[in-house]
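The following account leads through one structure, from a helix to a ligand site and then to single residues. Please keep the sequence and the coordinates in view while reading.

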Amino acid sequence: MSTDRRFEPSGPLQGTYTPPADKSISHRAALFGAMSDEPVVIRNYLQSADTQSTLSALQSLGAGVEEDRAGSVLVRGVGLHAPLEATGGLLDVGNSGTLMRLLPGWLAGQPGRAWTLDGDESIRRRPVDRISEPLAAMGATVDAREGRFPPFTVNGAALAGIEYELPVASAQVKSCVLLAGMLADGSTTVVEAAPSRDHTERLLRRARVPFEAEKGRLTVSQVDEIELDEIVVPGDPSSAAFIVAAATLVAGSRVVVTGMGLNWTRTAFFRILERMKAVVVCELEEPGTESDTEPLGEIDVASGPLEGTEVDPAEVPLAIDELTLVALLGAFADGETVVTGAAELRLKESDRIAAVVGGLRGLGADIEETGDGFVVRGDGSPLRGGTIDSHGDHRLAMLGAVAGLASSEGVEVLGMDAAAVSYPGFEADLRALLAP
Ligand code: S3P
């Protein structure tokens, strides 16, 4: 049931805050656990609707999942090439685009088996041809509704390695092909024009899979099994970004964020914020770092006046889930903020360009939609407020809440319940930082 919530202009956010576990890494950790022969303990697994969909799908495939109260999940895998089970062959991905695009990489390499994947109303609008094309080139077939939408059936086959140039900078597509590459004869190379989040690559290295990354060419070779022990999931910078945006916008705020993932492929938002002259003190991982671990650390944020900025298209994949927040910050900043090269935003849980432009305009922002981004103009004063529809998109629901706290008249968010897709504790965490 959809829940509406009002967020009034607030006093400052103050204190120490630890974001929930990283969604992207949680999905991948569970998948790698299911593909392992030995049990894998995942510490700090994200408790959210999306990551529960992953655990349920993996259970349907025969993996054992034991959750404890401390937030750890023990996954008893079936091995890479196991004769996977499936209840009725139907796998429900819920609202999760990441599960829908990554899991088929593994399923495609199971000869003679077939599974149908489906999800909610929003997932049925999201394209899967971006994964069916490379999987078909490797030898599998994917039959999708109208050739490109869920529900779709993955027919597993004996795969052959390919070289695949990514037509879009997408970590989901890259990861799908790399997972299939572990099951394909020979080696598989993914060529990426611009870097995107590299959590799959780090896990491949951790799992001792033959893997090389050089100048945008990522090569994985066929393996019989993977070896993994414990995986520790850091705090999610994309979830933390909402609290950081609130602390930046609400006068008098100062928040120290601890236990946050600092992986350079996820932290472009904080670099953009620094450019907008926000007061952020952080030591982010250096761009270009290749590692098999996920760095963790602290950032210190205080409120202050912001200046408009231009987001470079090369930054887009590295801040893809935070770009709607850049629009919000731009509406409070002095000058123009421009985002280009972000047409991918139209294919997320909602058309995030149309939704954020329409939503912020309704709150009083001077913002225009372009084909692949938006232009927002501010004079440094707060947004008026009003009503914003989440369109069932978790990130827009949380953006509406932040807008309300920083606005002059408050914001009513329609469909606040969507936040539970990635961050069920969002409202509680926000209120805990608001001084009484
Ligand atoms: C994700 C990759 C991004 C991102 C999504 C999570 C991932 O999607 O928007 O929220 O975990 O790989 P694309 O790879 O399609 O850009």
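This is a predicted model: local features need pLDDT of at least 70, side-chain atom pairs count only at pLDDT 80 or more; totals for chains, interfaces and linings use all residues.

Which residues of helix H10 (residues 352-362) are buried? They are Arg352, Ile353, Ala355, Val356, Val357, Gly359 and Leu360; buried means under 20% relative accessible area, exposed over 50%, and partly exposed in between, with a 1.4 Å probe and protein chains only. Helices (H or I, at least four residues) and strands (E, at least two) are DSSP runs, numbered from the N terminus. An α-helix has 3.6 residues a turn, so residues three or four places apart point the same way.

Residues are numbered from 1 along each chain as its sequence is written, and side-chain values use heavy atoms, with hydrogens and water left out.

The buried residues of H10 pack against H9, strand E20 (366-370), strand E21 (373-379), strand E22 (386-389) and helix H11 (394-406), where contact means heavy atoms within 4.5 Å. At the start of H10, a side-chain oxygen of Asp351 comes within 3.1 Å of the backbone nitrogen of Ile353. Just after H10, Gly364 adopts a positive phi of about 110°.

Just after H8, Lys277 has a positive phi of about 75°.

The ligand comes next. It is surrounded by Ser24, Arg28, Thr98, Ser170, Ala171, Gln172, Arg197, Ile320, Asp321 and Lys348, each having a heavy atom within 4 Å of it. Helix H1 (23-35) and helix H5 (171-183) each supply at least two residues of this shell. For Ser170, a side-chain N or O atom is 2.9 Å from a ligand oxygen. Taken alone, the ligand exposes 380 Å², of which the protein buries 96%; accessible areas come from the Shrake-Rupley method with a 1.4 Å probe.

Single residues may now be considered. Asp198 lies in the loop between E11 and helix H6 (199-206), and it counts as buried because its relative accessibility is 8%. Its side chain makes a polar contact (2.8 Å) with the side chain of Asn263; a polar contact is a pair of N or O atoms within 3.5 Å, and within protein one must be able to donate a hydrogen and the other to accept it, while residues adjacent in sequence count only if both atoms are side-chain atoms. The C-alpha atoms of Asp198 and Thr265 are separated by 6.6 Å, although the two residues are 67 residues apart along the chain.

Ser72 is found in the loop between strand E4 (64-67) and strand E5 (73-76). Ser72 is buried because its relative accessible area is 7%, and its side chain makes a polar contact with that of Arg43 (3.2 Å).
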